[in-house]
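I opened the model and kept notes on what I looked up. The entries follow in the order I made them.

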Amino acid sequence: MSSLIDFKSISKIYEIGKIKVPALIEVDVNIEDGEYVAIMGPSGSGKSTMMNIVGCLDAPSDGVYKLSGERVDGMTDNQLADIRNRRIGFIFQTFNLLPRADAFHNVELPLIYAGLPRIKRREMAKEALERVGLADRIKHRPNELSGGQRQRVAVARALVNNPNLLLADEPTGNLDSKTSYEMMELFGNLHSEGNTIVIVTHEEDIAAYSHRVIRLFDGKISSDVRQEPRNGSNGKFAGKPEE
Amino acid sequence: MNWMESIAISITSILNQKLRSSLTLLGVVIGVITIIATMSIIKGLKNMMEEEMSGLSAGVFQVQKWDVQIGDDHNRHRRKARPNIGPEEVRALKENVPLARVIAPEIWKWNAVIKYQNNATNPNCTVAGGVPGFVINNGIEIENGRELTEQDVQFARHVTVLGSSAAQKIFPFRDPVGEYVFVNGKRARVVGVVMERGSMFGGGSYGNFALVPLTTFINWWGSERSWNVTVRVANPEKIKEAIDQATVAMRVVRGLRPGDENNFGIWHSDQLIQSFNEITKWIRVAAFGIASISLLVAGIGIMNIMLVVVTERTREIGIRMALGAKRSSILGQFLVEAVILSEIGAVIGVIIGVVAALLLGKAANLPIAVPLWSILVGILFCSAIGVIFGTWPAWKASRLNPIEALRYE
């Protein structure tokens, strides 16, 4: 396995007026291809900052970040946009679908920015929606879908470009527990298909599905533990956990 | 991100805010209507004028004492010194302008009155002294009776051809031909009546009008007036060369040396059109002024709305950026939206402007013509407005920080 995310002494310092607020302090972390990692920590611990930097939405103040061996710190805005488009699939707590566009168009969006032709886009977007079990909801708008279905559309959108990394920020934060577990089941399946998944969460039972838990505290890694995932590994689900 | 995609997004977004979009468009619509309607009316007036002058435009020019002058005359002192045009000049023209077919001198007198028994024309009747070529060179036709003959001129007969409105005024119920009238106190027999022409000038120059033989005119009112000489060219395409010949002939008979200015004027209908353009120039400038102001206001409105749109869609911008939209794609998307917004206004403005012009033309009986260029100018102008006023909001959108944009509620 090769290194997908390689943080070397990554720091992020926000300047609010004259006060410097360190959000990440010299973080070293290494995530391999095919891993399923949960990043945990209380609010203010730096986990959102870490996710933004991993997702190339933000640049570190200091340190070296290599994504698939390529240095992304110091890249231009356009290069970062390209990395986000091709290498990373985002899944957000609030789904962040375009409200006026149907499921198909939402999933198609990253392909538009990748400059793919219409016919190719249609094919790929349909396939991605099928993968998350929403083949029959293609023409539905977000407000015509349940929370779980919306998040599935978001997952399809994250998957559609075949990214190296699925990056989920509190993906179950707006879902009820039953739907949350279905979502985690879907994540387990995606992981078993070879996708690298990084989830930011503050829920222990969500983190329990991952194979590795990185805990942040005050901008530093306080623990980094590999674990046996809750439902057995590689998509062999024993059934839904007790609620 | 391709253009089709931006256009589709923009149209959806504009349609989602119909009321707001239409209010924003109002300024653009008004501006474009102003351009189209004004230019159409001016074009209509010009067409009518050309039609009016078709007798002249078909290859007639006129040699006269003064140049055709529009507006302030800066050379009045020099013009005073010009000699009158008379028989010498006519002879010179007849001998030295081989391209001419009909050369007809005429003398004009204004503010005359024609009486028959107790009826009188309005006191602003014009009287011309002319020769047989007068009718054809001035592009008029005889409706009733005959025109002047060589004999009328040769013997200075006391005959007259009446203009249509003059004839109607003093002969409301009977045929004037053969009757005796008083042209400014001089008794003359009516031999013909000019055909009425549909005209915005109420019969043009030949309505309240009387024509008498040139010789009779001189006998009655003296010879101190300068003549005008109308010249009909055999081949209208050679009018420029004919004018050159006439200019040379005039300069020779006047004894002008090279370097001397012409002390006579020559004009033809092209010059009339030029004069018309000169007069309407300021109307056009004013129309463009009004249109520019209204489009400027419209542009500010578009900018305002686009700033609102960008704020409203901050989160959408964040999402698009997270999914890989480059700053240029975001810039392009909102710029396209601003341009489409103003173009919709332009198209509505063109439609209303054309309809308004046509209706106005119908109401005022003008041969309205919508100049294609005014439509193009309107549409291009609106694109420019969209680009100019859309750039700042679009640039603002493209500079958003994706993280903050994603968090925006």
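I took helices (H or I, at least four residues) and strands (E, at least two) as DSSP runs, numbered from the N terminus. On that basis I listed seven helices and 10 strands for chain A.

Ground rules. This is a predicted model, in which local features need pLDDT of at least 70 and side-chain atom pairs count only at pLDDT 80 or more, while totals for chains, interfaces and linings use all residues. Residues are numbered from 1 along each chain as its sequence is written, and chains are lettered from A and ligands numbered from 1 in the order in which they are written.

I call a residue buried if 20 or more other C-beta atoms lie within 10 Å of its own, exposed if 12 or fewer, and partly exposed in between, with C-beta atoms placed from the backbone. Of the 243 residues of chain A, 47% count as buried. Two residues are in contact if their C-beta atoms, placed from the backbone, lie within 7 Å. I looked at contacts in chain A between residues at least 6 apart in sequence, and 67% of these join residues at least 24 apart.

Sheet. Strands pair if DSSP finds at least two bridges between them. I found an open sheet of four strands in chain A, ordered E2-E1-E4-E5 with antiparallel pairing. Its edge strands, E2 (19-32) and E5 (70-71) of chain A, each pair on one side only. Strand E1 (residues 3-16) of chain A is joined to strand E4 (residues 62-67) of chain A by five bridges in the antiparallel sense. I noted A:Val64 in E4(A) as the bridge partner of A:Lys8.

Cores. A nonpolar core is a set of buried Ala, Val, Leu, Ile, Met, Phe, Trp, Tyr and Cys residues joined through C-beta atoms within 7 Å. The largest has 126 residues, and A:Ile39, A:Ala156 and B:Ile36 have the most contacts inside it. Helix H2 (residues 18-52) of chain B gives the largest share of this core, 14 residues. Apart from it I found another core, of 53 residues, including B:Val63 and B:Ile266.

Interface. I counted 17 residues of chain B in contact with 18 residues of chain A. On the chain B side, H12(B) gives the largest share, four residues.
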